[in-house]
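Colleague: I'm new to this one. Could you walk me through how to read it?

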Amino acid sequence: MTATQESPTAAGSGANASQSFKAAASTRDVADTPPERVAAIVTSILQGVHGAIAEHDVTYPEFQAAKAWLMEVGEGGEWPLFMDVFVEHAVEEQVAKAQTGTKGSILGPYFLPDQTRLSSTCSLPRRDDEQGTPLVLEGQVRDTGGTPLAGSEVDIWHADSDGYYSGFAPHVPDGNLRGVVVTDEEGRFAIHTIQPAPYQIPHDGPTGQLIEAAGWHPWRPAHLHIQVRAEGHRPITTQLYFAGGDYLDSDVAEATKPELVLDPQDDGTGTRRSTYDFELEPVQG
Ligand code: MBD
Ligand code: FE
């Protein structure tokens, strides 16, 4: 895509991501963490930092550069981006050890609540001239015992064919390629959308600078974000990827899993189709 005045900046998408994160209730329910646990976790984190300083013989200029960089991450609103790219996968993997049902993956910084509700067979909201190969994702939501879950919500959001998300790139209309799809009586859904492109971490901000300074690459493979919710069941937050796609084996966010890779097939009309079923764990009580 050519750069225009409306090209998204790291600071712009960072500010939006910070705002939507602060608005989410999930950030406020750890106030009762006991001091012993806080001390144990923070001590381990600091030991890691101190260990790296000793191991690599870190200098004063490097320490001051790190401080300046951390300040820029905050000022640019990039903490949601940085945390979700480099840390969230470890939390997700840890939590998943106690869970059954469909494999999860990280939420990432670009979820937005309260999107348009759509019927079980639907097209995601898109621009009249939306680019990209047509893609249909169909499937069924069931509990882990195999019972279909009618009226469950398949909340889906993904990047456009240039790798930009609505809500985080000023040139993309609000709600584009986002929706909450409600399953039919058999728990089924069929979502018509377009194939997203791989996603490049914004490179004009501190997170991008770090990636470049370290000689890493800034890409995530193309993906669909999905959160499946049904009453009485643990919601699943996950992502679906595409077989043969670029960066599948080198996701900067380390959030791919073999169970989450789709292999859509052309149905003969230029539309790529894939099936994926979700299984949700009932919650007690
Ligand atoms: C994304 O689209 C994403 O999914 C993650 C995890 C981090 C940054 C951008
Ligand atoms: Fe994403």
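Colleague: Which feature does UniProt place at residues 137-165?

Modeller: Start with the record, then turn to the coordinates, and keep in mind that this is a predicted model. The unreviewed UniProt entry puts "domain: Intradiol ring-cleavage dioxygenases" at residues 137-165. In the model, that stretch is 45% strand and 0% helix, with 19 Å between its end C-alpha atoms.

Colleague: And ligand 1? Which residues surround it?

Modeller: List the neighbours, then pick out the polar contacts. The surrounding residues are Leu 81, Val 85, Ile 106, Gly 108, Pro 109, Tyr 110, Tyr 165, Tyr 199, Arg 220, His 223 and His 225. Tyr 165 has a side-chain N or O atom 2.9 Å from an oxygen atom of ligand 1. For Arg 220, a polar side-chain atom is also 2.9 Å from a ligand oxygen, while for His 223 the distance from a side-chain N or O atom to an oxygen of the ligand is 3.2 Å. As for cover, ligand 1 has 260 Å² of accessible area on its own, and the protein covers 100% of that.

Colleague: How about pockets: what volume does the second largest pocket have?

Modeller: About 610 Å³. Next, look at the lining: 15 residues, with Val 49, Ile 53, Glu 62, Ala 66 and Leu 70 nearest the centre.

Colleague: Which helix gives the largest share of that lining?

Modeller: That's α3, with six residues. α2 (35-56), α3 (60-75) and α4 (79-86) each supply at least two.

Colleague: How many of the lining residues are nonpolar, polar and charged?

Modeller: Twelve are nonpolar, one is polar and two are charged.

Methods. Residues are numbered from 1 along each chain as its sequence is written. Chains are lettered from A and ligands numbered from 1 in the order in which they are written. This is a predicted model: local features need pLDDT of at least 70, side-chain atom pairs count only at pLDDT 80 or more; totals for chains, interfaces and linings use all residues. Side-chain values use heavy atoms; hydrogens and water are left out. UniProt positions are given in the numbering used here, feature names are shortened, and annotations may be inferred rather than shown by experiment. Helices (H or I, at least four residues) and strands (E, at least two) are DSSP runs, numbered from the N terminus. On a 1 Å grid over the protein atoms alone, a cavity is a set of points where a 1.4 Å probe fits but cannot get out, and a pocket is an open set with protein on both sides within 12 Å along at least five of seven lines; lining residues have an atom within 4 Å of a point. Grid points are joined across faces, edges and corners, and a volume is the space filled by probe spheres set on the points. Ala, Val, Leu, Ile, Met, Phe, Trp, Tyr, Cys and Pro count as nonpolar, Asp, Glu, Lys and Arg as charged, and the others, Gly among them, as polar. A residue is near a molecule or strand if one of its heavy atoms lies within 4 Å of it. A polar contact is a pair of N or O atoms within 3.5 Å; within protein, one must be able to donate a hydrogen and the other to accept it, and residues adjacent in sequence count only if both atoms are side-chain atoms. Accessible areas come from the Shrake-Rupley method with a 1.4 Å probe; for residues, only the protein chains shown count as cover.
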